[in-house]
Amino acid sequence: METMKVQNVTPNDMPWKVKYDASRCTLCGSCVSACSFRAIECKVERRRMVFSEGDLPEPKQRFSAVPVIRQVKDVRHYCRGCGICEKVCPNDAIAPQRNPDTRHPILSRCLGGDSIKRGGRKNLEASIRTLDKLRVGRISQMTDPSLDAQRHTFDMLAPFGRILPAKALPFSLDSQNLLQVEATMPPVRWIYPVIIGDMSIGALSWRMWEAVAMAVAYLNEECGMPVRMCSGEGGVPVRLLKSRYLKYMILQIASGHFGWNRIVKAMPHMVEDPAGILIKIGQGAKPGDGGLLQANKVADHIQEIRGVPKADLLSPPNHQGLYSIEESVQKMFLSFNAAFKFRVPVAIKVAASATSVSVFNNLVRDPYNIVGGFFLDGIDGGTGAAHEVSLDHTGHPIVSKLRDCYLAAVNQGRQGQIPLWAAGGLGKTGDLAADAFKMIALGASGVFTGKLVLQMAGCVGNDLGRCNACNTGLCPVGITTQEPALVHRLDVDRVAQNIVNYFLAMDTEFKKLMAPIGNSSLPVGRSDALISTDKAVADQLDIQYVC
Amino acid sequence: MCRIGAIKSLNYVHPSLALKLMESQQKGHDNSGFAMIMHDLGGRFESYKHLPTLSMACTDEGLKRAEDMLHEAGFQRVMQWVPETDPQPGLDIHAMPNYVFQTFDYPKYYRKGEPKDKEELLLDMRLQLRKALEQDEQGFVYSFWPDVVTLKEIGDPRDIGTYFKLWEPDDKFTAKVITAQCRQNTNYDIVRYAAHPFFLQGYTALANGENTFYLKNVEAQRNLHRGYIGFESDSQCFLYTLHYVHRELCWPLRYYKHVVTPLPFSELDRREDKEQLLAMRQSLANLEINGPNTIIGVLPDFTLFTCCDAKKLRPVVVGRTDETVVISSEVCGINDILPDRDWETDIYPHEREIVAIDNSLEVQRWRQ
């Protein structure tokens, strides 16, 4: 008998235990080859078998070497609970099982001497979401008839771009007493109120990114829905930059400036303007933290697009050279506006924070009228890679912060001048239309979403610690990996189809919410349409409390 | 639901005509009040057209307070009319002790001033009076403007007419434009200020309908102008938007329609003036109204107009003779006061137009 060493890692220390039924296993090996984390392996066990061959019981025993599947006892190759083994097993012989006794958070730090990193969303979820405590309670009845979601037409568009106060519009009257425009106005694009949020071509596999781009093009060109997609920080394939489909892309610049060398070089060859520019300052899932693309995800095409070697790519947590909000306006906004000759709206994305209203106020008072949107990202947002401590313990919920920003604008009579776009866990329950609608009623012009789009594609991760391995480059469903074998698990066309279908369903659901409140255009700021049975929530959001 | 009506004539007409216009529509309102605003006054006010008339319902204390304030501000009273009342027993009316129609000359240092300065002064004065009388409900100040009088009261409109002897036509109390409505704001508390028509600096508006963007309108309007106050009714927003678009922004009336019910983006895109219309829609998104309604409005130059919501969920009809144009929620009211008109020339405005009547009674239809 071996000496027991308590420090040895065993499956019981892991967050997931692999349950294996040898009697059902046909030893086909599918699970082992499909496990991208190498968390299970083939092994030979010495087994004792008791048998009897004669007419009367004559127990004999035999020892034999039997091939079996076992969980790897290694903290670097632990089971993430993704369930791919279960998915591929023809005989239901294997499945991960959550281990409530896991010692992984401690063990991993002790053995690695490094912080835990992962992808996904915040996993410390204790209470019901605020959005689920809100209902659309102002239903039109009698004198104010509801509209008909099927029969009436709805204007489902939201602004992206700086909107001038009416008194600043450069209008003059002509001889026929008609208004004419005398000077250039800031560019404003009216787009679908749900933007597919910034997931970079490094964070996503090339097939996933392509599938999203295809879905967006299809939604625009075949379904008449002007949905926009943000590139994320990491550039855009040059072929796309030079194509007419660029008009559906919002190009993002973050502190690493990744991909912008190629974008700038492609500018003379662009046949369309991009849909917008988004300056990323922070991200809700890991506020105060920069981008993180680990070397094992920096594949050849990413090196090509970003112009970098295969190495960990870290975007600093701040933009070097920007030390104030005013400076950001003058330097970044002005230069990006100028770069596209003031034809393309430039917006900013920040992580929701206790200070968001101050930042927003400064931008709202921007004297140059060049801040084209305030994208506010809450704590429930997803990420491809972050330190777990940041993911779980930093950040600010989006709902009240969005509301605070909107009301700050209302107090100054400036609502709508900088469109507010909100994100952070929206659609977490699968119902983005309801979440987006409530955010819009609280003052958002629109919302952006990322993690939900991954789930449309087949992401198996959840907020209970399942998978969350986007950072490893070993995504078992080919979404956040650059391993060719894994990427090819993803069916590009089916992913695109899922996204398109989801948006079509969501569009119908939007109308089903707009019709009962009698609105044919988006009810931005119509908080009177919302009620809450939670007094504290109602008070904080300044909406009606009901019971 | 409200019923609204307006009369514009080449001749001075008496308010009895407005009462008759509304009488047959009473099944559509609830007989809870009567309110009217008269522009372009005849009779006893005709020779004071250039001087502001104060329309107010108040207590004795309220009257004293208001007179003191006006005196202190330098206004000099040149004419006063106290309507003779007939307080028969059994009338359904919640009458105030005093109904004041007083015409004033401007303070000396304003008399040769710019019209704009006088207009701002009159608004400030009315707001001050309202504030002073509002706190202990000593009075309600409806308008203080040249060539305009307002009467609002709670009760049955027929009884209100009897009380003020408005059923008996005379040539002393007349106007060329009268707008009227017969319902208090029964959705909420009964407040005298909540009855349309509403008035601000020469602009009058009254509406039949709901404004589902009320909150958005209110939140935006509160910061736009000091005169945008009260908001006792969602229909006040229609007036304030009219005032803002036409007076503050100096845009022609036709653009009012583009602000309150903007064209869908798909239609905007096909327009030659899409750049202007889109900028308007963007910048004034908070002034959009998004519910069923019909609006009747009067401009300071006495142009009368009407327009509807974008889905035409509220009715309105325009009937006319050579001398009179009547706008009303229901055609039965027009039949009562213009029985001999050619009804084939009646206009049923559609959801994408403004029908405007100028002082020569020329009817213009501006397609949005």
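Second word: helices (H or I, at least four residues) and strands (E, at least two) are DSSP runs, numbered from the N terminus.

Quick housekeeping. This is a predicted model, where local features need pLDDT of at least 70, side-chain atom pairs count only at pLDDT 80 or more, and totals for chains, interfaces and linings use all residues. Residues are numbered from 1 along each chain as its sequence is written, chains are lettered from A and ligands numbered from 1 in the order in which they are written, and side-chain values use heavy atoms, with hydrogens and water left out.

Let's go to chain B and find strand β8, residues 175–181. Six of its seven residues are buried, so β8(B) is largely enclosed by the rest of the structure. Who are its partners? Two strands pair if DSSP finds at least two bridges between them. Strand β1 of chain B, residues 4–13, runs antiparallel to β8(B), with six bridges joining them. Strand β2 of chain B, residues 33–41, is also antiparallel to β8(B), again through six bridges. As a reminder, strands of a sheet pair through backbone hydrogen bonds, either parallel or antiparallel.

Staying in chain B, there is an open sheet of six strands, in the order β9-β10-β11-β12-β15-β16, with antiparallel pairing. Which strands stand at the edges? They are β9 (198–200) and β16 (363–367), each with a single partner strand, so one side of each has no neighbour in the sheet. From one strand to the next, the twist averages 20°. Inside that sheet, β10(B), residues 203–209, and β11(B), residues 293–298, are joined by six bridges and run antiparallel. If you want one pair to click on, L206(B) has I296(B) in β11(B) as its bridge partner.

Next, helices. A word on angles: axes are lines fitted to C-alpha atoms, for helices over the stretch in contact, and angles run from 0 to 180 degrees between N-to-C directions. And contact means heavy atoms within 4.5 Å. Helix α6 of chain B, residues 236–248, lies across β9, β10, β11 and β12 (304–308) of that sheet, running at about 140° to β10(B).

Helix α6(B) also meets helix α5(B), residues 214–221: their axes come within 10 Å and cross at roughly 45°. That makes α5(B) oblique to α6(B); under 35 degrees counts as roughly parallel, over 145 as roughly antiparallel, 65 to 115 as roughly perpendicular, and the rest as oblique. The crossing of α5(B) and α6(B) is left-handed, meaning the near helix is turned anticlockwise from the far one by less than a right angle, while clockwise would be right-handed. From α5(B), Y214(B), N217(B), V218(B) and Q221(B) meet C237(B), Y240(B) and T241(B) in α6(B). By class, that contact of α5(B) with α6(B) has four nonpolar, three polar and no charged residues. Here Ala, Val, Leu, Ile, Met, Phe, Trp, Tyr, Cys and Pro count as nonpolar, Asp, Glu, Lys and Arg as charged, and the others, Gly among them, as polar.

Over to chain A for another helix pair. Helix α8(A), residues 325–339, and helix α9(A), residues 356–364, pack at about 45° with their axes 9 Å apart. Left-handed or right-handed, this crossing of α8(A) and α9(A)? It's right-handed. On the α8(A) side we have I325(A), E326(A) and V329(A), meeting S358(A), V359(A), N362(A) and L363(A) in α9(A). The residues of that contact of α8(A) with α9(A) divide into four nonpolar, two polar and one charged.

Last stop: two loop residues in chain A. S205(A) sits in the loop between β11 (194–196) and α4 (206–221), and T481(A) lies in the loop between α13 (451–457) and α14 (484–487). Buried or exposed, S205(A)? S205(A) is buried, with a relative accessible area of 0%, and T481(A) is buried with 0% as well. Leaving aside neighbours within four places in sequence, S205(A) is in contact with several residues, including G478(A), T481(A) and L490(A). Counted that way, T481(A) touches S205(A) and others, among them K297(A) and C475(A).

Definitions and conventions:
Buried means under 20% relative accessible area, exposed over 50%, partly exposed in between (1.4 Å probe, protein chains only).
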